[in-house]
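Please follow the explanation below with the sequence and the model side by side.

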Amino acid sequence: MNPEQARIEADLRGLISGDVFCDDLNRQMYATDASVLEIVPAAVVRPRNAGDVAAVVRYAAENRIPVHPRGSGSNVVGGVLGPGIVLDFSVYMRRIQAAPGEETVRVQPGAVLANINRQLDRFGRLFGPDPATRSVSTIGGTLALDSTGSHWLKYGSPRDWVRKLQLVMADGSIIEVGAGALPDPESRRLAAQIELVLGRRRQVIEECQPKTRSNHAGYNVADIVLNGQLDLARLITGSEGTLAIITEAVLGTLPLPRHRGVVLLFFDQMQNAVRCALDVLQEDVSACDLLDRRLLSLIRSSDERFQQLVPETAEAMLLVEIQAEAGPELRSRVSALEQRFRQSRQAAWTRSTCNTDERNFFWRMARRGVPMQFAMKGSRQAIPFVEDIAVAPEHLPELFRELPAILNKCEVTATVFAHVGQGVVHLRPQLDISDTTDIARLESLAAMLFELVLKLNGTITGSHGDGLIRTPWLRRQYGRLYDVFAEVKAVFDPGNILNPGKIVSDGTFQWTRHLRKTTPLLSDVRTVEAGEEIPLTVPAAKVERQGLLRKGKLRKTKGTIEPQTAISLPQIAMEAAQCNGCARCRTSSPDERMCPIFRLNPREEASPRAKANLIRGFLNGSIPPEQLNSESLKQVADLCVNCHQCRIECPAGVDIPGLVIEAKAQHIAVNGLRMSEWLLTRLDVLYAVASRVPRLANWMIGNRVMRWALDRLFGIAQSRKLPLFSNRSFMRWAAKQRLSQPPRREGRKVLYFVDAFANWNDVELGMAACAVLKHNGFEVYVPPGQQISGMSMISAGVLDRARTIAAKNVELLAEGVRQGFHIVTAESSAALALRHEYLKLLTDPDAKLVSQNCTDLSNFLWQLHLTGKLELDFRPLNYTVGYHLPCHQRVLGHVVAGMNLLRLVPGLKVERIEKGCSGMAGTYGLIRSNFRRSLRCGLPLIAAVREPHITAGCTECSTCKIQMEQGTVKSTIHPIKILAHAYGLMPELDDLFDRRSGALNIS
Ligand SMILES: Cc1cc2nc3c(=O)[nH]c(=O)nc-3n(C[C@H](O)[C@H](O)[C@H](O)COP(=O)(O)OP(=O)(O)OC[C@H]3O[C@@H](n4cnc5c(N)ncnc54)[C@H](O)[C@@H]3O)c2cc1C
Ligand code: SF4
Ligand code: SF4
């Protein structure tokens, strides 16, 4: 932190009750949004109330520092970026006040749009505008951009629903604006001044407006007089934080739609689709979206069900939604629309539905395409830049006619998605922003497209606003009207403090100078030979400091970057650069599992995106390398528990947990281990010792005084139920059963990998696994010498010891594979370690062999069933179990195998409990400092298990079991044990459903 930043931090901390950060890490986390730009701010502030905002703005005005309001930061045009103070509303200012019978909702700017609608849903109401990012978008950002989405035809844009806004003005004063009488003199003064400007420039305003249905370029000066009265709230909405800062809003809502149906129309030519879309718009439809061939083929490739739905040769698809007050009316209108296009043969294929599930499925399918383009690996990415041009719908055929020629000329491929009713065309070209040729391509593409759009009386932004990217083009679009924008800006913000450079600018900003730094050091690391000149894209001093080494490595000195995992620096850099900042990983949607830690602690550093930004910052030299060993980085890294949910749900498929493990390991490499980390490294030894004296160990687990001591000494939460130790280990039992000898008989054979829990705690689980496998005709081999999986060490970044363990396991298991065994394990985390994590630790090709020949037991048996080879001689079981899918199990397969298997047992009722992550996240929930948070996360799951009709919980993961038994005496059972019981293989399991957990121990 330089002295200037230190001064800002000290000053602001004295002024406000919210958070203030000026350190390198926080500033780097806020240096990007979902655009291609990167600008490191001077400070980050998280205000708690409007008073904080006013104080910051007053301070900024006095010191001439710009202020940049920010919500979730999903902006695609650099609208939240700048060198000044970022105001992040998404942490503390999230209040939503909705009440039954009310037609409005009062919200703070950081409230997430989807959360607002979840609250309104309880009262049968809705805030209509629906940008695609609604599960993460804040209402502040949505209003500031006037964001809309597929249902614009029905609900218009936020501007139409804003009733009142509380604003912090450029001088720090707080005012209220909205339709009707203006309450305070300051708002009346502003309104009078704006009326004066508009009155003087009425003719220019009328002449220079684009002839489109939707326009988000510049200020909305054409449409702010309502019922003869100027409505300043309509001007502020869409002004991108440049005129005032929104600190509260009252929004109009409307009743939820009663009945909705969808018609899908597929075409063999894009032009046919565009022509038909214009016909569709003659009808009363609530949405009409167009997708091109590239998006359709991405959609088809993502899911077998989509393959059946989308014809292979379709060149375009229209999704049309119809809403109606009554079911019969809906059915007749949906059927009429479908018939019309089918019979006239305008559409080559059609589908329609009025069924809720199928309708949601159709929407999910259509929404799948755009995010899927982010998953393409490599340096070329789908770039947001020219992605929301708009023309009047009747000009769309001409636009689509000329589009291919422009793309060809610029040698660019792009996907096309359009909201036809708005005339908005989302276009994302695939380009590499670190390649100067591609940048030149992007510039000529933008120039040609914008010229075409302006020729058609359109607008360069019909949806996402101007930000830093589009602002330079505004004068070209508006001509004389641009001066009116400058006058409006001068009325509100004469000192140019509020989000400067957006909408009104002095024309000096060059976006190519502020491109996201992908990885400047990367090229050096790969190409430099001893004695060779280094082709620098970063200042020489930085390279010197970072100790670039010849031959593609970094010199090992304190503070340098040398990978701790087996992943090379270029690969790590490539992975981090793959994150496009889309903010999807900030979602709290109940339909997803994305980041349980962010859900508990919704602040930027807890998001997966923050981790990618930090790693990128280190690798490109934005953050000094010595910070890699700092406590602050460790704290951010510890906000990841290696659950892998972001890896599978991130549209770009960024391996965030992999990046975090690297960061944790870097910290340990320099700072050594803490007591809790050291404990993890000796987990196997501790387990072995405890299992030698199980009575003593179990007494300690159940004794409150001993638990208090464990809490104080090792940080293990004293109220957390823990597993008891078994009298003998599973490995000893297996040796006695001669399972530790490779079977001599030929036939189907498996190698069972046991891991810690089944070896020392739940020995019955290992026995059940062997029994079920044998019952299904497998020869089981339990090789002695196998280690624990080491997953908890890997998650904590304790890699030296994890690597030693992984190497031993791989040597043993690979030999088994070579002898014809397939590896199975009943512990989800162990399967993930063998399948995925060991590859990050070892370069040994045997690690790959093990990874490719290992399956978790539930999936293994389910596959067996699908080939008709699973024995089905189950006894009926008259119980109801609540099944929870563990995060690590979810990563392993596409089907809920354990639940499916249990459903084969006659009489057994299996209810799926889908409440997201259990909150245990490996050993995270065991630790005292995390205990309460972990419980809060797991509470919905625990409550579901407590339901009187549920006999027992059921899950594959040993730590999820611990959480599911916390707060209830009911037992949680592994599906394999239930199968063994249903097969009647183990008499000792007869009391399986009667078992109870204790006050401090699980069953
Ligand atoms: C994959 C993807 C899809 C998208 N789809 C759509 C879409 O369908 N429709 C659409 O309209 N947009 C879309 N966007 C753009 C953007 O995500 C949305 O417009 C979103 O609503 C912005 O909300 P946010 O909280 O992320 O705002 P941010 O990005 O944080 O901020 C947006 C703007 O609002 C300003 N701002 C934020 N809070 C305040 C405040 N309290 N007072 C004043 N100004 C403030 C910021 O300075 C910035 O200029 C998409 C973006 C992505 C990455
Ligand atoms: S990690 Fe993935 S979901 Fe999160 S911002 Fe990056 S690309 Fe988007
Ligand atoms: S692995 Fe899990 S905890 Fe870590 S960032 Fe991803 S979702 Fe969050």
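**Ligand shells**

By class, the shell around ligand 3 holds 10 nonpolar residues, two polar ones and no charged ones. Here Ala, Val, Leu, Ile, Met, Phe, Trp, Tyr, Cys and Pro count as nonpolar, Asp, Glu, Lys and Arg as charged, and the others, Gly among them, as polar. This is a predicted model, in which local features need pLDDT of at least 70 and side-chain atom pairs count only at pLDDT 80 or more, while totals for chains, interfaces and linings use all residues. Residues are numbered from 1 along each chain as its sequence is written, chains are lettered from A and ligands numbered from 1 in the order in which they are written, and side-chain values use heavy atoms, with hydrogens and water left out.

The residues surrounding ligand 3 are Cys-595, Pro-596, Ile-597, Pro-608, Cys-640, Val-641, Asn-642, Cys-643, His-644, Cys-646, Ile-656 and Pro-657; a residue is near a molecule if one of its heavy atoms lies within 4 Å of it. Two or more residues of this shell come from each of α22 and α26 (656-671). Helices (H or I, at least four residues) and strands (E, at least two) are DSSP runs, numbered from the N terminus.

Around ligand 2 stand Cys-579, Asn-580, Gly-581, Cys-582, Ala-583, Arg-584, Cys-585, Arg-609, Cys-650, Pro-651 and Ala-652. This shell divides into seven nonpolar, two polar and two charged residues.

**A loop proline**

Pro-602 lies in the loop between α22 (596-600) and α23 (608-619). With a relative accessibility of 16%, Pro-602 counts as buried; buried means under 20% relative accessible area, exposed over 50%, and partly exposed in between (1.4 Å probe, protein chains only). Apart from neighbours within four places in sequence, Pro-602 is in contact (heavy atoms within 4.5 Å) with Ser-90, Val-91 and Arg-94.

**Helix α15**

Helix α15 (residues 396-409) has 14 residues and spans 20 Å from its first C-alpha to its last, close to the 20 Å expected, where the expected span is 1.5 Å times one less than the number of residues. At Leu-403 the helix α15 bends by about 30°, and Pro-404 follows within four residues. The bend is the angle between axes fitted to the seven residues ending at a residue and the seven starting there.

Which residues of α15 are buried? They are Leu-396, Pro-397, Leu-399, Phe-400, Leu-403, Ile-406 and Leu-407. Their cover includes α10 (270-280), β15 (287-292), β19, β20 (414-419), β21 (424-431) and α16 (436-455). Just after α15, Glu-411 takes a positive phi of about 55°.

**Salt bridges**

A salt bridge is a side-chain nitrogen of Lys or Arg within 4 Å of a carboxyl oxygen of Asp or Glu, and the count by this rule is 56. Glu-329 pairs with Arg-333 in a salt bridge, with closest N and O atoms 3.4 Å apart. The two residues are four apart in helix α13 (residues 327-343), so about one helical turn separates Glu-329 and Arg-333. Glu-329 is partly exposed, at 34% relative accessible area, as is Arg-333, at 22%.

Arg-470 forms a salt bridge with Glu-387, with closest N and O atoms 2.9 Å apart. Because Arg-470 lies in helix α17 (residues 467-478) and Glu-387 in the loop between β18 (381-382) and β19 (389-390), the pair ties together parts that are 83 residues apart in sequence. Both Arg-470 and Glu-387 are buried.

A network of salt bridges links Asp-146, Arg-159, Asp-160, Asp-223 and Arg-234.
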